[in-house]
Amino acid sequence: MLCSAGVLLGVSAGSAAAAEVSYATHCVPPAGIDPVDGTTKVEITAPATAKVGDTVDVVWKFTQAASKNPNIIDLPANSVQPSGTLKASGAQTADIAMQGPRENPAIPKGGDMVLSDMKGTLKLTAAGEVKLTPDAYTVNAMSTDTKCTPTVTVQPSATIQVTAGTGTGTGTPTGTGTPTGTATPTKSSTPTPTTSASDGTGQTDFTGKEVQIPYACKTPIGDKNATSPVQINAKKDGGNFDLTVQFKKSVMDSPAPIPKGSVKPSMEVVLGGADKGTVHVEGPTNSSDIKTGDPMTIPDLTGTYKPGASGKSTLSPGVLTIKALGTTTTCTPTKTEVSLTLDTSEQTNGASGGSSTSGGGSSTSGGSSGSGGLAETGASDHGALKALGLVAGTAVLLGAAVFTFMPGRRTR
């Protein structure tokens, strides 16, 4: 069971105030293993004071995990990674995405689980008292996920006193110590994608904004949620645009050998603004064998966008499909964001209405809105895009799960 989910996060904390909280937790390990209950103990640190407009760093420290490593397999060093959600309440409400690095000592069968500190950032928007409370979290070990949810009302662990002011952004994350880069999970209701110059300028190359896209993935071995940084670029070719969709980070290390030519990715880019529909883009299969432990990346996805309307048209990442070793995984954005805006001129048989053509195939109109967005579907666990099914096909080769939470008892 190899699909996993990651999260993105920012970092660096200044002086902080913290208090340990303890709460009952219900943990759901991979399919085929019974859910278990345990106790989580957490300490949250954050600046004691800040101003409106500041972006502050917060740290989630596990002082006690909800379980021990079951008597199934020894977990090697640097094989366990936690991610979760921290709730802000009071003067400001927000869900803060948290993630720790994949750093742990070797954990023997029956040994105490050791989880790294998780980090995240919060932009302060209102004066007053902001309370920080730990919520659900996920433990990824050996490419399997165990999801843990509080079963009681959890008490706040840290409080920030926020004063009025423009703020100076003193807590802006530097990316130090995070596994997925410097992007932050701060949501923006008004996307600010790169916009092309007018057609009269002669500009031909257009670079999109890197956007963080949360995906809900349906894999052959279950549903997974994850987040990945995606960027859409375009090159003008007459009235059309050659598109390139880039996934900016390696999704994971391969847990098993994968032969060349066995992994094929594709995506439906969502159109909005003046235009409607989707554009099909796809990437090549892996050109060489992927060895165990080698980085697994999604290659650039390419296709042709033939505009179906004149005006400012937006392009947003849409449904991602991965075919690997005879299996198919479909990842649907739970919320998308505009990466690129283009000045377009209507072309004959163009995209508007949902019939755009791309290099190798045709697209169908998707559930796009005027801004190119997809509706929220309620996923709450965000992470670097690891549940893509790139290794879903190898699950049948590698057997059952190797990790679950088992406080005080053995796996049946």
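Entry 1: Q246. I located Q246 in strand β15, residues 240–247; helices (H or I, at least four residues) and strands (E, at least two) are DSSP runs, numbered from the N terminus. I note that residues are numbered from 1 along each chain as its sequence is written. The model is predicted, so that local features need pLDDT of at least 70 and side-chain atom pairs count only at pLDDT 80 or more, while totals for chains, interfaces and linings use all residues; side-chain values use heavy atoms, with hydrogens and water left out.

I then listed what Q246 touches, not counting residues up to four places away in sequence: P229, V230, Q231, N233 and D300. Contact here means heavy atoms within 4.5 Å. The side chains of Q246 and N233 are joined by a polar contact of 3.4 Å. A polar contact is a pair of N or O atoms within 3.5 Å; within protein, one must be able to donate a hydrogen and the other to accept it, and residues adjacent in sequence count only if both atoms are side-chain atoms.

Entry 2: N233. N233 is buried, at a relative accessible area of 16%. Buried means under 20% relative accessible area, exposed over 50%, and partly exposed in between, with a 1.4 Å probe and protein chains only. I recorded 2.9 Å from the side chain of N233 to the backbone nitrogen of G208. Between N233 and F206, 27 residues apart along the chain, the C-alpha separation is 5.8 Å. Leaving aside neighbours within four places in sequence, I listed F206, T207, G208, D242, L243, T244, Q246 and L340 in contact with N233.

Entry 3: positive phi. N78 sits in the loop between β4 (55–64) and β5 (80–90), and is partly exposed at 45% relative accessible area. I also looked up N349, again not a glycine, with a positive phi of about 60°. N349 belongs to the loop between β24 (340–344) and β25 (357–358), and counts as exposed at 61% relative accessibility.

Entry 4: the whole chain. I noted one helix and 26 strands in the chain. Of its 412 residues, 51% are buried. For contacts between residues at least 6 apart in sequence, I found that 76% join residues at least 24 apart.
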